[in-house]
2 protein chains.
Amino acid sequence: MKYEAVTIKDIAKELGLSTSTVSRALRDSYEISPETKKMVLEYAEKINYRPNPIALSLKEKRTRSIGIVVAEIANSFFSQVINGIESIAYDKGYNVIITQSHESFERELMNVQYLASRSIDGLLISPSSETEDMSHLKHLHERGFPIVFFDRIVDEIDTHKVIVDSRKGGYDATKHLIESGYKQIAALANVEYLSISRDRVGGYQAALEDHNMKYDASLVKHCLHGGLVYEEVEKALDSLFKQKKKPDAIFAAADKLTTNCLRYFKAKGIRVPQDIALIGFSNIDLTELLSPSLSVVRQPAFEMGQVATELLLNLIESKRPVKDFDTKMLQPDLFIRESTSRKK
Amino acid sequence: MKYEAVTIKDIAKELGLSTSTVSRALRDSYEISPETKKMVLEYAEKINYRPNPIALSLKEKRTRSIGIVVAEIANSFFSQVINGIESIAYDKGYNVIITQSHESFERELMNVQYLASRSIDGLLISPSSETEDMSHLKHLHERGFPIVFFDRIVDEIDTHKVIVDSRKGGYDATKHLIESGYKQIAALANVEYLSISRDRVGGYQAALEDHNMKYDASLVKHCLHGGLVYEEVEKALDSLFKQKKKPDAIFAAADKLTTNCLRYFKAKGIRVPQDIALIGFSNIDLTELLSPSLSVVRQPAFEMGQVATELLLNLIESKRPVKDFDTKMLQPDLFIRESTSRKK
DNA sequence: TTTTTTTACGCAATCGTTCCCGGTAACGAA
DNA sequence: TTCGTTACCGGGAACGATTGCGTAAAAAAA
């Protein structure tokens with residue numbers, strides 16, 4: 001079924017004018033007489049004329065739309081980021097195209113390829129946990145395509161980046177556990193090569209050392225899909241609990257890891273915080289309704305989306321190639337609730 | 001900063017061919033000699049040529065992309081629907097553009113206008129709770145623009161629709177409350193003119209009557225934004241608890257209503273299910289981790305997205321105007337947990 | 001050898017819009 | 001009368017890709 005829209009030609013034909021005149025009348029050019037303008041404008045209104053953005057894009061070599069690649073929109077953190085992105089983009093007249101990698105490198109590649117082949121003016125991306133090879137993004141960046149990274153960043157590509165002080169988040173969470181009396185603190189993180197994993201675990205390690213507690217690598221487990229699949233969390237926790245010195249607290253360094261820990265404890269009849277304490281990165285807005293209510297490190301997701309978008313639009317609208325790039329760092333918030341009550 | 005992509009012209013110039021020849025070589029036309037083909041293909045590969053989808057769209061009058069309008073992607077139900085949509089769309093080579101109305105009519109209008117002005121081939125929409133006037137969609141539909149409604153449908157527009165048997169969902173939830181011994185069952189719903197509200201409350205009413213319990217309109221409250229803002233839920237519950245016959249159970253007819261009820265009870269120190277039972281429509285995957293774990297009516301969101309997309313693609317790819325429209329009805333699932341334990 | 005067919009490619013129109021050049025009236029001034 | 005100005009408007013190229021049609025050269029058939 002084809003849908004035929006009205007074009008500038010239809011107006012020109014009906015009114016006995018040329019397309020140039022109609023175009024100019026619609027754009028309120030000084031070269032067109034007031035009467036002609038009025039006539040064109042009224043007729044355009046009458047037949048509900050809308051300029052074809054596709055044709056405009058072709059001519060202007062810009063689409064006034066930006067692309068987003070996130071792991072999962074179902075993840076509260078990402079949906080909050082997206083809301084932040086939208087809030088700025090719409091203000092500036094940009095449209096937003098959202099795609100999901102589902103933590104798959106292949107999907108990410110597909111999405112980036114599609115988006116980049118001229119249907120967007122710039123890209124906001126938080127790479128999938130599977131993504132080690134960055135050449136797809138590197139190529140684009142080298143050819144001057146505007147890219148801004150948020151949350152998960154890549155050292156080898158020099159462009160604007162927006163991150164949360166993950167190290168501080170990990171540090172504060174761990175410090176809180178230590179000060180609440182926990183002694184065997186395990187950490188659960190996303191894959192190692194991901195920037196946020198390194199930093200969050202780095203903060204965890206620093207907090208331990210600052211409090212004269214030994215860092216034990218066997219207490220740190222990594223999950224390939226960031227907890228997206230329950231089984232990987234189950235496996236990690238199983239192995240933790242099989243060790244001779246069982247953990248009495250867990251620091252989970254990602255949203256899905258945190259909730260899947262809780263799911264695991266519930267399934268196994270392990271009580272939180274009596275048997276084990278739990279704190280994690282999470283942006284879900286139900287953490288205080290959980291059983292027990294969850295202590296979390298919360299990221300300023302909405303703000304992150306806003307900042308990233310502003311940076312990207314700067315890149316897009318800059319006249320000259322940008323060579324100086326910023327990395328903005330936002331601060332996480334620590335929320336203390338029942339899941340890390342002081343150890344008795 | 002402008003990003004210059006490689007075009008077919010660059011290849012033609014470099015190889016001393018015409019653009020037609022290059023185009024045909026790339027599309028593997030029989031009219032081109034094997035040697036020329038090889039040469040073109042290799043050079044295209046070398047400079048990483050990608051056809052410009054904008055130019056193709058202009059010529060073919062189709063963009064191979066579909067638009068989505070939902071209230072909130074942060075809502076689990078919608079993000080699951082979107083995943084269902086994507087799963088089908090990508091298989092068929094369609095791209096997906098997601099927009100959010102945030103339950104605002106104005107935002108919905110903006111999004112639909114943008115999407116429809118020729119940048120998408122079809123529309124999947126679940127109108128905002130504020131939307132009473134459907135003329136923006138009606139106009140499009142009358143001009144043959146493919147639209148499929150899901151979840152929230154509109155009687156006055158005759159096109160494909162995908163819904164969940166909301167009446168059955170409301171009926172089953174209410175029946176479960178009755179059979180668990182609750183006597184004063186209140187209902188909290190989205191705005192009245194929304195199809196799903198009518199049906200869910202309709203099911204609630206039918207269940208009461210089938211069990212010889214009087215339907216009391218004062219026990220049914222509506223929230224303009226479907227519980228998106230906590231205050232409207234607070235107000236509705238306040239007024240319910242001020243009545244002389246206080247409810248001993250609540251049936252919440254939307255995701256946000258359900259969780260905000262829980263939030264309210266927690267804030268007021270009202271125990272669930274001892275003081276009041278709670279059951280609601282919800283698609284969040286944390287309901288069993290809540291305190292108490294939540295009895296819910298769950299909708300087959302992913303499947304709904306798949307079915308809606310299949311219907312839409314049928315419309316788009318149909319040669320002749322479609323006059324016969326389907327309304328597919330999917331079945332909800334009832335999950336019984338602690339929040340509706342039998343009354344003592 | 002001549003005619004026909006096949007092969008392999010180029011020309012130009014097309015999609016909807018903008019914008020650089022022109023062009024032509026009308027009018028006033030010289 | 002003639003030139004210059006201003007006010008309006010149209011022709012046509014351009015953006016990138018596809019495609020119907022035309023055609024030269026080569027190959028095959030007569």
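Predicted model: local features only at pLDDT ≥ 70, side-chain atom pairs only at ≥ 80, totals over all residues.
Colleague: Why is Ile250(A) called buried?

Modeller: A residue counts as buried if 20 or more other C-beta atoms lie within 10 Å of its own. Ile250(A) has 31 such neighbours, so it is buried. You will find Ile250(A) in strand S8 of chain A, residues 249–252.

Colleague: What makes Ala186(A) and Leu188(A) contacts of Ile250(A)?

Modeller: Contact asks for C-beta atoms within 7 Å. Leaving out residues up to four places away in sequence, Ile250(A) touches Ala186(A) and Leu188(A), along with Cys261(A), Ile276(A) and Leu278(A).

Colleague: How do you know that strands S1 and S3 of chain A pair?

Modeller: Pairing needs at least two bridges. S1(A), residues 65–70, and S3(A), residues 122–125, are joined by four bridges and run parallel, so they pair. Among the residues involved, Ile68(A) in S1(A) has Leu124(A) in S3(A) as its bridge partner.

Colleague: Why do S2 and S11 of chain A count as edge strands?

Modeller: The open sheet has six strands, in the order S2-S1-S3-S4-S5-S11, with parallel pairing. S2(A) and S11(A) each have a single partner strand, so one side of each lacks a neighbour in the sheet. From one strand to the next, the twist averages 15°.

Colleague: What makes Thr21(A) part of the surface near DNA strand D?

Modeller: The cut-off is a C-beta atom within 6 Å of the strand. Thr21(A) is among the closest of the 26 residues that surround DNA strand D. H2(B) gives the largest share of that surface, five residues.

How values were computed. Residues numbered from 1 in each chain as written. Chains lettered and ligands numbered in written order. Helix = DSSP H or I, 4+ residues; strand = E, 2+ residues; numbered from the N terminus. Buried ≥ 20, exposed ≤ 12 C-beta atoms within 10 Å, placed from the backbone. Contact = placed C-beta atoms within 7 Å. Axes fitted to C-alpha atoms, helices over the stretch in contact; angles between N-to-C directions.
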